[in-house]
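Please examine the sequence and the structure shown below.

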Amino acid sequence: MKIPADHQGMTELFRKLGARDPEQWASSQLSEGIPQLQRFLVLREVWKLVISDSDYHWMDAAIERAKERPREPFAGVGLALKRVLDGGATREDIIEIVRGEQVKLLFDLLCLIDGTGPKHLEDEVRGFDYRLFQTNHDESPDLLIGGLHESVLETDPTGREMRPRDFGRSGSSRE
């Protein structure tokens with residue numbers, strides 16, 4: 001793997017990978033020595049695990065699975081979704097709740113991996129920390145990839161940084 005060492009090449013790579021501000025990512029990597037490429041790739045991939053704000057298929061699939069197998073693990077999700085939709089909630093409301101909770105989990109998990117999360121360990125195991133490393137060819141830690149939690153919101157694929165869909169419109173949720 002050959003990573004560009006010049007600003008133009010690095011910027012183009014970030015652009016190709018889908019970064020919203022490729023110049024800033026490239027500048028930070030080259031001038032500050034922060035492994036922004038690795039950080040961006042991790043964040044891009046974990047965001048793919050978050051339900052898209054336009055994907056409603058999972059709701060129908062969960063409801064259908066729960067109808068067919070109401071006692072299996074996760075059937076409660078489909079049963080609850082059916083009740084909530086029948087009660088008048090919109091699919092957009094459900095997406096907003098689910099995405100928000102998924103991203104909060106993502107943020108907390110990345111804080112744990114970054115070593116900045118809450119320390120609620122028992123005295124006997126206090127002091128354990130976790131980090132994410134890029135590994136070399138023999139799978140030994142090679143490069144610390146830190147500060148992931150700091151960039152969760154700026155890498156939101158919607159570009160809204162988890163703000164409501166109507167943010168910025170008249171009658172919006174803007175405070």
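What is the accessible surface of the chain, and what share of it belongs to carbon and sulfur atoms? The accessible surface comes to about 11,700 Å² (Shrake-Rupley method, 1.4 Å probe), and 54% of it belongs to carbon and sulfur atoms. This is a predicted model, in which local features need pLDDT of at least 70 and side-chain atom pairs count only at pLDDT 80 or more, while totals for chains, interfaces and linings use all residues. Residues are numbered from 1 along each chain as its sequence is written, and side-chain values use heavy atoms, with hydrogens and water left out.

**Fold and dimensions**
- Six helices and two strands make up the pattern α-α-α-α-α-α-β-β; helices are DSSP runs of H or I with at least four residues, and strands are runs of E with at least two.
- The C-alpha trace spans about 55 × 50 × 35 Å along its principal axes.

**Charge**
- The chain carries 24 positive and 32 negative side chains, where Lys and Arg count as positive and Asp and Glu as negative, without His and the chain ends.

**Interior**
- Of the 175 residues, 29% count as buried, meaning under 20% relative accessible area with a 1.4 Å probe and protein chains only.

How values were computed
Buried < 20%, exposed > 50% of the residue type's maximum accessible area, 1.4 Å probe, protein only. Charge placed at Lys NZ, Arg CZ, Asp CG, Glu CD.
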